[in-house]
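Me: I have a structure to read and would like to learn how its features are described. Please take me through it.

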Amino acid sequence: MNEALTRPAVVSRISDLIGRTPLFELCRTGNGSRLLLKLEMYNPTGSAKIRMARQMVVDAEARGALRPGGRIIESTSGNTGLGLAVIAAERGYAFTAVVDHHACADKLRVMKAMGTELVHVPADGTGELATAAREELAEAMARRQDNTFFTEQHNNPSNGVGYHPVAHELHQALDGRLDILIAAVGTGGGLCGTARELRRLLPGVRTIGVEPKGSIAFGGPAHAYYQSGTGTPEGATIGALVDFDLIDEGVKVGDVEAFATARAVARTGLLIGGSAGGVVYEALTRLPSLPPATTMVALINDGGEKYLDTVFDDDWMTARNLLDPVVEREVDETLSKLRTI
């Protein structure tokens, strides 16, 4: 059995379960091109971001920026906070998560259950993400406390380093047969961290970054969006880890298409998150026109269980004009056609 997809029989820490996540073939074309999903929801906390959460803490310890009994502070929309909550709990640190009203309620409940202190940034009345306000508050709180480390995920190089193992897992699992890597771009750590190491192993790999329409990393116009944990909203600074030299192409996918895809994929038996839906939508759009025998891997950063009250709730979707049965049906038909080839 491939070692990249196996785990030790017994582990002693939750963080020992990070990585070695499976690859799932969602569909393929008649000419042998295929779309594989790297299912990062099989990490503890159900998200890729625990990879970089651990790396940020380990590197801070090595530098002496975080000492025994200290406190970790981070601005988060949820998944990074979940990862840091686990790492803090098993290493004996206190953890404060600065969040806004866009954070998924279930993610906040889980963080709180693990002992996290939640600090809410008040809503500004616009309905938009409060990323900049969260960052400012987290930084100010860390300055006022001794032995307190602001992990600052958007600008922390350890974020990208935490994803280097993903490249090795893909290289080993696919025996080097990987042509395209496609992923969401938020902090930039996931796609760019993986791509940096992957290009060392496979120089010819092409990378495609996906952000929500309304995000500004790949240009405007800027407006509010509902895909969480991804993109760069207006007023926020593009993260230092977004390395455009490592992104061959940047594209945008709207909330309607992203969420319709997540809902359609759910009907195949797999629950993926809303931003992952955007990645899969773009991948499905491209798959039929790829050269024969192309292997495209989409990084699926989290599962859909955290979005049952949003993406998978008809009332929530309707209230925000996001429910589009026509788009869902189109994705259903695409998946049905490609999955039966």
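Reply: Begin with burial: buried means under 20% relative accessible area, exposed over 50%, and partly exposed in between (1.4 Å probe, protein chains only). Here E40 and R51 are both buried. This is a predicted model, where local features need pLDDT of at least 70 and side-chain atom pairs count only at pLDDT 80 or more, while totals for chains, interfaces and linings use all residues. Residues are numbered from 1 along each chain as its sequence is written, and side-chain values use heavy atoms, leaving out hydrogens and water.

Me: What joins the side chains of E40 and R51?

Reply: Side chains of opposite charge can pair when their charged atoms come close. A salt bridge is a side-chain nitrogen of Lys or Arg within 4 Å of a carboxyl oxygen of Asp or Glu. E40 and R51 meet in one, at 2.6 Å from N to O. E40 lies in the loop between β2 (34-39) and α1 (50-63) and R51 in helix α1, so the pair ties together parts 11 residues apart in sequence. Helices (H or I, at least four residues) and strands (E, at least two) are DSSP runs, numbered from the N terminus.

Me: How many salt bridges does the rule give?

Reply: The count comes to 21. Among them is D314 with R263, at 2.7 Å from N to O. That pair links distant parts of the chain, with D314 in helix α10 (residues 314-319) and R263 in helix α8, 51 residues apart.

Me: Are D314 and R263 buried or partly exposed?

Reply: D314 is partly exposed at 42% relative accessibility, whereas R263 is buried at 10% relative accessible area.
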